[in-house]
Amino acid sequence: MTTASTLPVREIVSDRSNGSKIERYQSWGRYPKAAHRNVSKIYWRDQLEEALRKAEPESLLAYGMGRSYGDSCLNSDRDLLDCKALNRILDCDWEAGRVCVEAGITLGDLLEVIVPRGWFMPVVPGTKFVTVGGAIANDIHGKNHHRAGTFGCHVKQITLHRSDTSPVVCSPATNSDLLQATIGGLGLTGVIGSAEIQLKRIAGNAIEVETLTFRDLNQFLDLSAASDQSHEYTVAWVDCLSRGGRGIFFRGSHAEKNVSCRSTKITVPFAFPEFGLNRPAVKLFNRAYFGLKARKPGSAVIHYDPFFFPLDSILNWNLLYGRRGLVQYQCVLPAGDAGAVKTIIEAVSKSGEACFLAVLKAFGEIQSPGLLSFPRPGLTLALDLPMRGNRTLALLSRLDELVLANGGALYPAKDARMSSTMFKSGFPNWASLVPYIDPKFSSSFWRRATAE
Amino acid sequence: MKRIVILGATSTMIQPLLRRMAADGKELLLVARSQERLDAVRSDLRARGAANVLTFEADLTASPDLVYSFAEQCFCDFDTLLLSYGTMLDQALCQADVEFAARELQTNLISAVVLLTVFARHFEQRRSGVIAGITSVAGDRGRRSNYVYGAAKGGLSIFLQGLRNRMCQYGVRVLTIKPGPVVTAMTADESNMPMIADSEKVARDIYDALESSNSDVIYTPRQWRWIMAMLKLVPERLFKRLPI
């Protein structure tokens, strides 16, 4: 039933050999490594008050599933509150499609309850193993950004636990400023105890999906513009190792059908040796993948799970990237033309790095409610790269320059290394979050990205 | 198993078990000390499909008769009882202060014996059903590191064994559940325990044992049956020198 909740703690263990508890809490990219001073597990909301009272200034951060890629969910040398056991459904209205949940519940767990009742999450990311609290704190987006905006657009109310007041109820009507600061606020405004979400009505658990190929980025833009009119969900995979940027375009909508889900789960037994993910192997994979899809484009009716969460069937695929982990680079380029994306893909292609996951999507016009939300109109490109030390970091710095030159921004939830200049230029109003930060909260990301 | 009384319903170890019961549409009476926590569990189990969820706030170590009469009146004809509460105080604390040792026995053994004796009447009259109690592998052999808790859980295991042999004649099954270390609030500070199990796994085992018609004593995860059998075979002369 609740497979999602079986995952976390052990999933997070990175170094069993040194056996130390503080080493257990890492992020999904496994880079940078963090060593926490103290991790308190929270099982009940009534325990939050004491945990907040006991804490020192700038020492705390709530941790859920640790699916942020870099260090936005980490608080190295300081403390964490492990809140994933706060995963109860507190209230539900199946007529209106509203649920009120504790923020540690995962979207996967929630989907198992709501889908049979004819509802779906308004926005889902590429993995179902994220918590509702994390979805709000990073103001996540999904394949339906052009229709539904970000996750934060569908949050009706939250209860925020802070060290300097009693729990605060925030909604668009009351304490709306604190709600806006918390949406996309990277967990710095306190611990979200509970959240009320507006769900989306569906007539079945299936998605009618269509797969098309494109030869270059201009073709992608045409496909994307047309599909955003006709389909709820659109996303593309780009082959970064090809010139020109060929790729595969997926578009889908909810179907009035129910289909069964084949759930084979694979667990990666250990961190793979690093030579596995070399450039020739990835090139071969990309060519095969593209070839396979190009040979049989067309449409199918499939269960929502493989459509939205294809990688979740390999429970800890991050280990495929080896001991040093992976970095994801997700940028948004506001111009919306293919030029900037093309230069970035060319830079990656020329660099000799092995990149086999590159995801491209056009963001829509819907304004994100968060103060520091990442999505904005334009194109977003996400690259997964094996972390190979300075070589990788140097490439990403070159990409930074291209993003800066095009007035773009990087996604904090995915970031492990951007400079504070980069952060501040992508989020020029970053300082407006400061007054809302709980005096006892901080994170590795925040200290890094706002350093002078 | 349709209507289940759970004594200690806010124990973190059994939360996945309760969700499993809810998903199968069971009716539940949850008893625990904090109404606030009971409310959270109740709403969650309802949303996950439980046919009916009642709660009763009570200190199980203090008011067995109140709990029993509430269950009889408001949740009549329940067919399963699960006793799932317990504490694990630090052994060193129990050695240093007898108050703690006494409290450990009071909570884990004496109050449990009282409740089970009271509730046994219901099953005696009903002439069917299941009484299940969660003890521990720690009760199978006294170890220097944890013997006050072990004594309480061992005592409870013996009590359940005797109760089983008495209730057999009425067609009532008594199930003794012996988990190894499980990731819960109880073990939060001891994450490097050997072979610590996941509460989802434990929930599956307990659920299967409750639904089966003939299981008497289960170890969960299963390998603890053989580990404890071997551990019990080690001669005392040798065992007393083992640093466990």
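Student: What makes Asn175(A) count as partly exposed?
Tutor: In this predicted model, Asn175(A) has 17 C-beta neighbours inside 10 Å. Buried needs 20 or more, and exposed needs 12 or fewer. The value 17 falls in between, so Asn175(A) is partly exposed.

Student: Where does Asn175(A) sit?
Tutor: Asn175(A) is in the loop between strand S8 (168–170) and helix H7 (176–182) of chain A.

Student: What is said about the phi of Asn175(A)?
Tutor: Its phi is positive, about 50°, and Asn175(A) is not a glycine. Most residues other than glycine have a negative phi.

Student: Which value does phi take in Leu186(A)?
Tutor: Phi of Leu186(A) is near 55°. That is again a positive value in a residue other than glycine. Leu186(A) lies in the loop between H7 and strand S9 (191–198) of chain A.

Student: How do you know whether Leu186(A) is buried or exposed?
Tutor: Count the neighbours. Leu186(A) has 25 other C-beta atoms within 10 Å. The cut-off for buried is 20 or more, so Leu186(A) is buried.

Student: And why is Ser432(A) called partly exposed?
Tutor: Ser432(A) has 14 other C-beta atoms within 10 Å. That value lies between the limits of 12 and 20, so Ser432(A) is partly exposed. The residue belongs to the loop between helix H13 (420–426) and helix H14 (444–449) of chain A. Ser432(A) and Gln180(A) are 252 residues apart in sequence, yet 11 Å apart in space, C-alpha to C-alpha.

Student: What makes Pro243(B) count as exposed?
Tutor: Pro243(B) has 6 C-beta neighbours inside 10 Å. Exposed means 12 or fewer, so Pro243(B) counts as exposed. Pro243(B) is in the segment after helix H9 (236–239) of chain B. The C-alpha atoms of Pro243(B) and Ala112(B) are separated by 30 Å. Along the chain, these two are 131 residues apart.

Student: Why is helix H4 of chain A called largely enclosed?
Tutor: H4 spans residues 107–114 of chain A, and seven of its eight residues are buried. The helix is therefore largely enclosed by the rest of the structure. The buried ones are Leu107(A), Gly108(A), Asp109(A), Leu110(A), Leu111(A), Val113(A) and Ile114(A).

Student: Why are H5(B) and H6(B) called roughly parallel?
Tutor: H5 covers residues 98–126 of chain B, and H6 covers residues 147–167. Their axes come within 8 Å and cross at roughly 15°. Angles under 35 degrees count as roughly parallel, so H5(B) is roughly parallel to H6(B). The crossing of H5(B) and H6(B) is right-handed. Among the meeting residues are Ala112(B) in H5(B) and Phe159(B) in H6(B).

Student: What is the omega of the cis peptide bond joining Tyr31(A) and Pro32(A)?
Tutor: Omega there is about -5°. Pro32(A) is in the loop between helix H2 (8–12) and strand S1 (38–41) of chain A. In chain B, the bond from Thr220(B) to Pro221(B) is cis, with omega near -10°. Pro221(B) lies in the loop between strand S7 (217–220) and helix H8 (224–233) of chain B. Most peptide bonds are trans.

Student: Which residues have the most contacts inside the largest nonpolar core?
Tutor: They are Ile136(A), Cys355(A), Ile6(B), Leu30(B), Leu83(B) and Ile131(B). That core has 195 residues. Beyond residues up to four places away in sequence, Cys355(A) touches several others, including Cys240(A), Val282(A) and Leu383(A).

Student: How confident is the predictor in each chain?
Tutor: Chain B has a mean pLDDT of 94, and 97% of its residues reach 70 or more. Chain A has a mean pLDDT of 90, with 94% of its residues at 70 or more. Over residues 1–23 of chain A, however, the pLDDT is below 50. For the complex, the predictor gives an ipTM of 0.92 and a pTM of 0.93.

Note on methods: Residues numbered from 1 in each chain as written. Chains lettered and ligands numbered in written order. Predicted model: local features only at pLDDT ≥ 70, side-chain atom pairs only at ≥ 80, totals over all residues. Helix = DSSP H or I, 4+ residues; strand = E, 2+ residues; numbered from the N terminus. pLDDT = per-residue confidence, 0-100. Core = buried A, V, L, I, M, F, W, Y, C linked by C-beta atoms within 7 Å. Contact = placed C-beta atoms within 7 Å. Axes fitted to C-alpha atoms, helices over the stretch in contact; angles between N-to-C directions. Parallel < 35°, antiparallel > 145°, perpendicular 65-115°, else oblique. Left-handed = near helix turned anticlockwise from the far one by under 90°.
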